[in-house]
Amino acid sequence: LLGSLAAELEPGRLAGADATALFEGFVTAGRYVEAAKTLLAPRIAEAGVHAGSGHKDPAALLADLDGTTLSKARSLLDTASVVGGQPGIEEAVRDGLLSPDQVREVAQAAAVAPEAADELVEAAREGPVSDLKRRCRKVRHSAAGADPAGTARRIHAGRHFRHWTDPEGAFCYSGRDVPEVGALLVARLERRARGLFEAARVAGVREPHGAYLA
């Protein structure tokens, strides 16, 4: 039904009010689609389907199926793991009351402060995403302060470093780790950078791009 609607849609023949109403309808439909994906993702991971499809892990399979990135697929799995353990969030997701961004924000906060889940769902329904993000950040900050050891364990368990090449050929990277490891990494990079630039200065090279490979 959605496919036929999209195929036959002629926006130019609609009045502005009708286009707006139809847009809202598709938003609701999209939320139900996202809800179903969120509910199905953990089952796909549990069943180990990726092993028989040539993918290294469930996130890689989901990324291929959805035509998205590994990071977004991993985020979906993380969100889904929280939703499945929070009846209030799951009900709101099933009812199409929350956008994907709202679900993700609420799930991230509820992962560290489960007791705040229902309150955050209500906040998501009542206000803009910007307000919800502020509230979720406050919840995560309070939870981190209340249990620093637990926070450190969660960060350590989720530590990662990923790198890839973008369409222009640039080297890109992202990562996450405990602050102590981050401080060591930054210190080593800064020490190496100072050495490279000092060597370039002595050699009279203004921008030592080639020195990065030394």
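Which residues in H5 meet which residues in H7? In this predicted model, where local features need pLDDT of at least 70, side-chain atom pairs count only at pLDDT 80 or more, and totals for chains, interfaces and linings use all residues, Ser75, Thr79, Val82 and Val83 in H5 meet Val103, Arg104, Ala107, Ala110 and Ala111 in H7, contact being defined as heavy atoms within 4.5 Å. Residues are numbered from 1 along each chain as its sequence is written, and side-chain values use heavy atoms, with hydrogens and water left out.

The residues of this contact divide into six nonpolar, two polar and one charged, where Ala, Val, Leu, Ile, Met, Phe, Trp, Tyr, Cys and Pro count as nonpolar, Asp, Glu, Lys and Arg as charged, and the others, Gly among them, as polar. The axes of H5 (residues 70-83) and H7 (residues 100-112) come within 9 Å and cross at roughly 65°; the axes are lines fitted to C-alpha atoms, for helices over the stretch in contact, and angles run from 0 to 180 degrees between N-to-C directions. Helices (H or I, at least four residues) and strands (E, at least two) are DSSP runs, numbered from the N terminus.

Isoleucine 89, with residues up to four places away in sequence not counted, touches Val82, Val83, Val106, Ala110, Ala117 and Val121.

Alanine 35, found in H2 (residues 16-47), is buried, with a relative accessible area of 5%, buried meaning under 20% relative accessible area, exposed over 50% and partly exposed in between (1.4 Å probe, protein chains only). Not counting residues up to four places away in sequence, alanine 35 touches Val93 and Arg94. Threonine 38, likewise placed in H2, is buried with a relative accessible area of 8% and, leaving aside neighbours within four places in sequence, is in contact with Leu76, Ala80 and Val83.

Strand E1 (residues 160-165), by contrast, is hardly covered, the count of buried residues among its six residues being zero. Six bridges join E1 to strand E2 (residues 171-176), and the two run antiparallel.

How values were computed: Pairing = 2+ DSSP bridges.
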